[in-house]
Number of protein chains: 6
Amino acid sequence: VSDATPYQAPGTFMGVPAGADPRGSRVAVLGIPYDMGTHATRIGSRQGPDAIRAQSAQIRRYLPEFDLDPLAELNPVDLGNVRLVPSRIQDAFERIERAMLPLVEAGVTPLTMGGDGSVSLPQLRALHRRYPELAVLHFDAHTDSNSGDAAEPYTTATTFARAREEGLIDPQRTIHVGIRGSTLQPRALQVAREQGFEALTIDDVFERGLDGLLAHLHVRLAGRPVYLCWDMDFFDPAVAPGVCTPAWGGVTAREGIYLLRRLAGLQLVAFDVNTVSPPHDVAGMTAMLAARVMLECLFLACRGPGA
Amino acid sequence: VSDATPYQAPGTFMGVPAGADPRGSRVAVLGIPYDMGTHATRIGSRQGPDAIRAQSAQIRRYLPEFDLDPLAELNPVDLGNVRLVPSRIQDAFERIERAMLPLVEAGVTPLTMGGDGSVSLPQLRALHRRYPELAVLHFDAHTDSNSGDAAEPYTTATTFARAREEGLIDPQRTIHVGIRGSTLQPRALQVAREQGFEALTIDDVFERGLDGLLAHLHVRLAGRPVYLCWDMDFFDPAVAPGVCTPAWGGVTAREGIYLLRRLAGLQLVAFDVNTVSPPHDVAGMTAMLAARVMLECLFLACRGPGA
Amino acid sequence: VSDATPYQAPGTFMGVPAGADPRGSRVAVLGIPYDMGTHATRIGSRQGPDAIRAQSAQIRRYLPEFDLDPLAELNPVDLGNVRLVPSRIQDAFERIERAMLPLVEAGVTPLTMGGDGSVSLPQLRALHRRYPELAVLHFDAHTDSNSGDAAEPYTTATTFARAREEGLIDPQRTIHVGIRGSTLQPRALQVAREQGFEALTIDDVFERGLDGLLAHLHVRLAGRPVYLCWDMDFFDPAVAPGVCTPAWGGVTAREGIYLLRRLAGLQLVAFDVNTVSPPHDVAGMTAMLAARVMLECLFLACRGPGA
Amino acid sequence: VSDATPYQAPGTFMGVPAGADPRGSRVAVLGIPYDMGTHATRIGSRQGPDAIRAQSAQIRRYLPEFDLDPLAELNPVDLGNVRLVPSRIQDAFERIERAMLPLVEAGVTPLTMGGDGSVSLPQLRALHRRYPELAVLHFDAHTDSNSGDAAEPYTTATTFARAREEGLIDPQRTIHVGIRGSTLQPRALQVAREQGFEALTIDDVFERGLDGLLAHLHVRLAGRPVYLCWDMDFFDPAVAPGVCTPAWGGVTAREGIYLLRRLAGLQLVAFDVNTVSPPHDVAGMTAMLAARVMLECLFLACRGPGA
Amino acid sequence: VSDATPYQAPGTFMGVPAGADPRGSRVAVLGIPYDMGTHATRIGSRQGPDAIRAQSAQIRRYLPEFDLDPLAELNPVDLGNVRLVPSRIQDAFERIERAMLPLVEAGVTPLTMGGDGSVSLPQLRALHRRYPELAVLHFDAHTDSNSGDAAEPYTTATTFARAREEGLIDPQRTIHVGIRGSTLQPRALQVAREQGFEALTIDDVFERGLDGLLAHLHVRLAGRPVYLCWDMDFFDPAVAPGVCTPAWGGVTAREGIYLLRRLAGLQLVAFDVNTVSPPHDVAGMTAMLAARVMLECLFLACRGPGA
Amino acid sequence: VSDATPYQAPGTFMGVPAGADPRGSRVAVLGIPYDMGTHATRIGSRQGPDAIRAQSAQIRRYLPEFDLDPLAELNPVDLGNVRLVPSRIQDAFERIERAMLPLVEAGVTPLTMGGDGSVSLPQLRALHRRYPELAVLHFDAHTDSNSGDAAEPYTTATTFARAREEGLIDPQRTIHVGIRGSTLQPRALQVAREQGFEALTIDDVFERGLDGLLAHLHVRLAGRPVYLCWDMDFFDPAVAPGVCTPAWGGVTAREGIYLLRRLAGLQLVAFDVNTVSPPHDVAGMTAMLAARVMLECLFLACRGPGA
């Protein structure tokens, strides 16, 4: 407790400076308070970014195993939340895309906090200007690759189908990891695979083992700019209850952190942590775990290819 | 515990029969799981109807002060929820209106459970076919009479402005009771009054006293078919925390029940109980109180003009 | 959202039709709101069935790994709850048995939701009319095979001792899996084994490994009609906190689902999922997991011997 | 923090000494962990006594308005809980009665914590040995005077009907205060009045005013030994949510304390505070309020007739 | 949703600008995350300021009854929290005092959020430089005027005794309103009065009536610079459960707001809202009510003498 | 339910007798309600001991796998809590040390319940009189071996640095197990190792495997009197959310119990279970798990070297 002023600034992620200009930072934190992709009963992830910021007070800056201080290396800024009204769906998508542009233009790595899983599409649209054909590494209980219908094309369940149709991502380098649970869509796995995506079920993950999975991912994604999309429902609901569409049988916190840390070396150009739904959370645990996942993303931003 | 079958049917309001045909009942219960009129952070009233049904297990059928069994008199049916997807806004409004039509045609009194305060507009549209110019008795912390903007005309804040523009209600017989709190709209009271509505603040209510208020309401509404709209945020948040837009300084449960019971004698042709938001509720209390409000509505349905 | 009527029926398990006649269905869902076998402080599992129904809204109908729609195959009906008053103990047991009879007579597979672990005995009494000597596969932290005393013979701790004395089950084909924790009864494991039961502790389970356990169970139970009894306290309290008698050290959700799915091929003639105690649950997680266990039971009902 | 030993004893009511012998105290605290009179879904008041003890840590010993230290005057002892198993109904009643006898014989005023409302009957049986015809002052949302049926005579709803039949109380001096809500029993008020009891609804209370009520009670009960029975559901559920059968429209904490304090001067020979159901409580508030009600009972024990 | 940047700043009170320089604002918001004055079990008010900020998202800027926008009039800044470590007691007091100095020097009205009730003393020390003998209007269930002991002079219970000894306040113009509950200190009321303070119990308040109280306060405090200290435990625990030392029998939200608004005209030179303890709060209600109290303080800052 | 008296004593750990004299017991339970070593926001572990006692009602006396009744073997007594005021830091340390002395002198094994992790130091000071150079086996997410600063030497983060400086422990036989998470201190692992301590990260634990770890611990600690310090944050937050400084990636309940049981054979002379923070707990789960850890400690007290 020593500082130039007698005051502590309120409420940013991990206490990093607030600001509206990402230049000068290697990473910028951005909240996306949008949850209109959620059809199910458990709506509320619009409150996700603020809940994560509040719980990030439990996270500290040094990683003891690496003697690393990611905040010192990256100088992150917290841009706040995208200014939007969720029920104005099309307008909100445009605002999210627009809010991403200063980062894309400045070459600053975004670290976003959802919002539900549909917030990825406008991010991909913005990133497309810099990365014509992103690879996607997507940890989630769901493929988010359903076809949807004409009346309602943009939901959490259709994100990557839309991104592929719009030419934003490379389907051959889009990998869904952790699929399980029950679905409204028949043939959900096949539908994803027919689009060229790789879809690994949670049973696939544990048959390979975490190390086997990691080896596979490094082979598939080496040398490519990768969009890392981490849906908090990749964790088991016993670990992360506050999500939009809980699916039993996910990974533990230890397994999740084990995987994240060992993605070091990949060229991860954007981090998207989504699906924290505070109204369904228990004592802020899911938001606190998301804050920890974000710290690991900062670690990965320090440890890209050649680092 | 004696009955023709060894089973108890699951999950209807107060255990009344489930069914899809309101004919044969004097009152029909209908859930409206829609919350897209809510701009604020506290979304989730789409879960309201099911929460109220669950808590209605705490409500019993006899009213001891009146030795009355409203279920025996009214033979209500629980129609379930309107089949809709909240984010499909226009489609949802049409579905709500359509779901009301069998009741309107059969002359069955609707007793609806929201959903947020924007569910009233499609109900009024349906009722308009039978009642060309409804009076409205609206208990709420908010006027719900803002002008809104062209991009987003239908929200919880604009319901009665829209209803008036569409000619569904009689502005001279539309009374908002209990206004208080802070608003996004400047001049909210004046805006309502400029439309011809009466707007009584909570201070107005307690200056008149509950009996004074009741006398006024009976004078204003006698002999007219009245739409009774009860927003649960008319209660103080200490009583009903699980609402969309809590506003401190509302009535207690005793005051609310006191007012409701003494509306007997009015010609109440529709009951609309809305704004229970289960994700923000505490131990189901708001839903349990809404179930009690609905029991009082059943009492009022037994005690119309001349009863 | 398309359907013959504009309404969705309220509150059944996974939205299957409600009804009082199980004929025409391959599986019938039945709630047993009885908790008088619980001596400990944590009473309240009488609320279990309704909590499971509410949480089953989170479960969807397709299993992606199998491209299977169990609801389409089995056409289940939700019979509601047995009509009983818990404190009328003997009468309640008779009512449970009587409520089972239409299923037994029609050859419909019951899928029951407790209630505490003592609800199994009256189910076994009813099933005895069709299956003279049932095998029992019992996943639980406790043996439920204590002797009890004359003053109070029927509790959660004595279910299988009583069932054996009444000749309802085959002790040589009764297997308790997952025993752990602390007990009021000295020599609890030996007492179970002296009755001919197999009792595997949780350490036994993990020494064999899940696959080793499954191989053992298939050998022991092949070709026999089996009563599958799944006490939710088989899961660790971190996964399923809302149970009557929590015992640390149980399985994760992934391990439990792994075991369940691989019981395919057994002749499971009744499914009994019990011990959800909503007053002690956290955000409905235990009830939501029980709903998922029940979905896996529906899967098993599709995948019996030869399927 | 100074004392003969370096230790603080665990867990008694307000930290008074624990003991098994009431002699030497003017008041003895006793918990009655029994809830088998509850038919409704909200069971769990067996946990009431321990919850009240835990929350009594928020209560301090001096009453500033009176400069009174009731603990110093009364030297209360906490006897612990009656040793019983709730589901052994008849046995439990006998144990409660037996546990009361040492107090009755020694002339020590009991201050009991339920348990549900059915725990009053065995207390009255014990007190009958000393007080042949007790007056009863009963604050409750319910009359607890239903007839019940032969199969199940002893429930929370029948306590005072049974007590009258057994000749334990004086019906002409039995007053129920605060009746409201909905009931399973038709004609509940008339049924109570036909037994000679006075039954005041909550509307009666507020028409008289609190001071009017108090004057009436002092006239009716002066000079008689009175059993004070305080059911926590006399409070509104917004104040005391954790009760067995919540009924909206009850008194506030201030009103309840106002009434209690002004019972000073009556000859209150037993205090019975019941119906705290911890599984349905919110943050321990109901138990904390019950502890405060008990402090007011200690005040009343200091301020009997002539004090 | 329109603004110069596409972003919304995170986490200030009501979204006002964050900053470290109060000049240019008529009011400055400051959090004081200190709770070492709390001896009781319910510690945690150090989390109060951040909880209030989070809940202030429920508060909007217009007061409809007055058609007033206090944010536009006062241009408040949120300075964040005082930088301190609670367990370093003396150092923390110095830091609080130092953090107040820029406001005192610039003549900016402080609006502080505790922290427990002991945070008032260092504020008074800082204000003393500008206001040699402040009047104090203190709404609280407790007098906070105990003598304490030499070993531990600075606690929530001794604030105003210390302030008087240090000559910071005018004892003849120090008024405690709302005293009730039980205390550790014998003669707590007398002890306060012996120091020259006025101490009104909650019974005093309701005997005078709210209007009578207000008239009295205006007479006593007119023409004097007044420190307004609002302890959230002035509210009843049913309204504000999340406080350090709950005391049943306090005011409702309506009564509290009624009193606050009618303090308009007094010369209130500092606003101190304390005692929100988030770990003991229920669904953030106490913090949300504190945010509303602060909005009323902003109203009062607009409506000083002559306004 | 049979006993000499009709009463059950309130509130001790597992219902063992309360008392102030440890002689006659092999183990004595002692609560230490102190949390002033916690700088972070999540204060409240002063409530830990009482929460553990309340949850110990879920623990029973027989361990079925061993047919062992530790209570019969050890005859434990519950001494209650150390009488202290947390904010009087130095005085509290002295009181803790003094409260330990009767146990040290009588050779009774202490089984303490924190309080935060700083309560270990005064315990070690007392034990030092009997065991000049204790070995320490410390399960924790943190090393608790930071240097701290002169202004504030005694916190949860500095316990073992201070103990080493005071010569209370043998640094070469002090082992920290389970280190992970993020820290305020740079080089936290190296700082611990430079003091001679062994520090095993959670990754180290799982690389060795639990059996490998156990073998290592038995080799390192055989033949030495060992202080067993179990910080509840060694468990993952999904298992034990109610701790002071949660760190994702810890062990499951099964893994923790597996480790504990296999410490049998070591000469464990004191058991210290700390860091339960009830305000941050979920449904009492962390306290319930701590009670179970304490039962395992009783088991270990029965199974020392040669047992």
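The legends below describe close-up views of two chain interfaces in a predicted model. Local features need pLDDT of at least 70 and side-chain atom pairs count only at pLDDT 80 or more, while totals for chains, interfaces and linings use all residues. Residues are numbered from 1 along each chain as its sequence is written, chains are lettered from A in the order in which they are written, and side-chain values use heavy atoms, with hydrogens and water left out.

**View 1. The interface of chain E and chain A.** Contact (heavy atoms within 4.5 Å) joins 27 residues of chain E to 27 residues of chain A. About 2300 Å² is buried between chain E and chain A, 58% of it on carbon and sulfur atoms, where buried area is the accessible area (1.4 Å probe) that two parts lose on being put together, summed over both.

**View 2. Strand pairing between chain A and chain E.** Strand β3 (residues 77–82) of chain A pairs with β1(E) in the antiparallel sense over two bridges; strands are DSSP runs of E, at least two residues, numbered from the N terminus, and two of them pair if DSSP finds at least two bridges between them. Within this pairing, V82(A) stands opposite Y7(E).

**View 3. The interface of chain B and chain C.** Here 27 residues of chain B are in contact with 27 residues of chain C, and the buried area between these chains is about 2300 Å², with 59% from carbon and sulfur atoms.

**View 4. Strand pairing between chain B and chain C.** β1(B) runs antiparallel to strand β3 (residues 77–82) of chain C, with two bridges, and V82(C) is the bridge partner of Y7(B).

Methods. Helices (H or I, at least four residues) and strands (E, at least two) are DSSP runs, numbered from the N terminus.
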